[in-house]
Amino acid sequence: MVSFCRHQQPPLSHPTTTTRWWSKDSVAIVTGANKGIGYALVKRFAELGLTVVLTARDQSRGLQAMDSLKVLGVDHHVRFCQLDISDPVSIRSFVSWFRSSFKAFDILVNNAAVCFNAMNENSMEYAETVIKTNYYGSKQFTEAMLPFFRRSSSMSRILNISSRLGTLDKLNNPKMKAILGDKETLSEGRIDMVVNAFLEDVKEGRWNTQGWPEIWTDYSVAKLALNAYSQVLARRYEGVVSVNCFCPGFTQTTMTDGNGKHSADDAAKMAAKIALLPVPVLNTGKFYVGSTSRGICSKL
Ligand SMILES: NC(=O)c1ccc[n+]([C@@H]2O[C@H](COP(=O)([O-])OP(=O)(O)OC[C@H]3O[C@@H](n4cnc5c(N)ncnc54)[C@H](OP(=O)(O)O)[C@@H]3O)[C@@H](O)[C@H]2O)c1
């Protein structure tokens, strides 16, 4: 069931044939799609009739995912290419494969992410890897793919799979909050300043006294940065590419040790709905949160 939060516009009706702007020639790319929400989203896009590029950092895990789509009979318009978003060489080789296989694409879903903490842990042992993958990886892959966005009346779309753990209200450092909260002056350089300040605090062993988010701190800072970067992109490409974030809510995947309020398929249905919004109700610069009981709403 789709419902909407108080004070929010209700743009998210189910796509129907009359609102369907895409065809099998529309191309969607999903990162980190060998399992979890990414895999479920590839399956959903394929069921809805788009051409989908399933990417995975590990070739064999990606091919296994392709096999399971085949078993389900939804692999006809799904292609696979290896992609590790934290590895510039892998990004370059993806770009070169993409250029020789497709002219353009319509939807990029930055889904890939890592978290090295179990549910109740908060170690910063892998903070650099988390930032490098979840923020810089998604950013670098997006930049590499920008030249291939289709210029069309249906608008190209970027959907960054984020988390409400990384919303501004979780940040209690006034200086950092002021930097990320000022939409007028927000820039990639200023976002990097925040990220570097966090990594410096980790290095100096003072990260837990500086007002950084309290849960899964490294992961949350990476999502804060991704959300802010989405704002910068949304403003820069207004009218050309729609850029939104989506928090799928507590979802049963490896990242949550299988805990969660709903399945990856449920989360993928919500993500697909946002990625495929018909043009008249397509927004940009929004942060959508999803819940199977409360529906999808925009927090911005
Ligand atoms: N589950 C939740 O409750 C929840 C809540 C809010 C937001 N999210 C977000 O939802 C997205 C999907 O998470 P999930 O729950 O589906 O987690 P997941 O099951 O752990 O899947 C993460 C995916 O990202 C891939 N990945 C990791 N590092 C990568 C890299 N460097 N390059 C390419 N792919 C990489 C993983 O590949 P491997 O299999 O090779 O590791 C895996 O395919 C993430 O952005 C996460 O932050 C999840």
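Helices, of at least four residues, and strands, of at least two, are DSSP runs that are numbered from the N terminus. The model described here is a predicted one.

For comparison, most residues other than glycine have a negative phi. Tryptophan 216 has 23 C-beta neighbours inside 10 Å and therefore counts as buried, since the cut-off for that class is 20 or more.

## The helices on either side of that loop

Two packed helices are described by the angle between their axes and the distance between the axes. For H6 and H7, the axes come within 10 Å and cross at roughly 175°, so that the two helices are roughly antiparallel to each other. On the H6 side the residues that meet H7 are Glu188, Ile191, Val194, Val195 and Phe198, and their partners in H7 are Val221, Ala225, Ala228, Tyr229 and Val232. Sorted by class, the residues of this contact are nine nonpolar, no polar and one charged.

Helix H6, residues 188-203, also packs with helix H5, residues 174-181, at an angle of about 155° and with the axes 9 Å apart. Because of that angle, H5 is roughly antiparallel to H6. Met176, Ile179 and Leu180 of H5 make this contact together with Arg190, Met193, Val194 and Ala197 of H6, and the residues involved are six nonpolar, no polar and one charged. The crossing of H5 and H6 is left-handed.

Helix H1, residues 36-47, and helix H8, residues 264-275, pack with their axes 8 Å apart and at an angle of about 60°, which makes H1 oblique to H8. The crossing of H1 and H8 is right-handed. From H1 the contact includes Ala40, Leu41 and Phe45, among others, and from H8 it includes Ala267, Ala268 and Ala271, among others. By class, nine nonpolar, one polar and four charged residues take part in the contact of H1 with H8.

## The nonpolar core

The largest nonpolar core has 84 residues, and those with the most contacts inside it are Leu41, Val42, Val52, Leu54, Val109, Ala225 and Ala271. Helix H7, residues 217-236, supplies the largest share of this core, with 10 residues.

## Two partly exposed loop residues

Methionine 155 lies in the loop between helix H4 (127-145) and strand E5 (156-161). Its phi is near 65°, again a positive value in a residue other than glycine. With 19 other C-beta atoms within 10 Å, methionine 155 is partly exposed.

Threonine 292 is found in the loop between strand E9 (287-291) and strand E10 (295-298), and it counts as partly exposed because it has 16 C-beta neighbours inside 10 Å. Apart from neighbours within four places in sequence, threonine 292 is in contact with Lys261, His262 and Asp266. Proline 248 is 44 residues apart from threonine 292 along the chain, while the C-alpha atoms of the two are separated by 9.4 Å.

Key. Residues are numbered from 1 along each chain as its sequence is written. This is a predicted model: local features need pLDDT of at least 70, side-chain atom pairs count only at pLDDT 80 or more; totals for chains, interfaces and linings use all residues. A residue is buried if 20 or more other C-beta atoms lie within 10 Å of its own, exposed if 12 or fewer, and partly exposed in between; C-beta atoms are placed from the backbone. Two residues are in contact if their C-beta atoms, placed from the backbone, lie within 7 Å. A nonpolar core is a set of buried Ala, Val, Leu, Ile, Met, Phe, Trp, Tyr and Cys residues joined through C-beta atoms within 7 Å. Axes are lines fitted to C-alpha atoms, for helices over the stretch in contact, and angles run from 0 to 180 degrees between N-to-C directions. Angles under 35 degrees count as roughly parallel, over 145 as roughly antiparallel, 65 to 115 as roughly perpendicular and the rest as oblique. A crossing is left-handed if the near helix is turned anticlockwise from the far one by less than a right angle, and right-handed if clockwise. Ala, Val, Leu, Ile, Met, Phe, Trp, Tyr, Cys and Pro count as nonpolar, Asp, Glu, Lys and Arg as charged, and the others, Gly among them, as polar.
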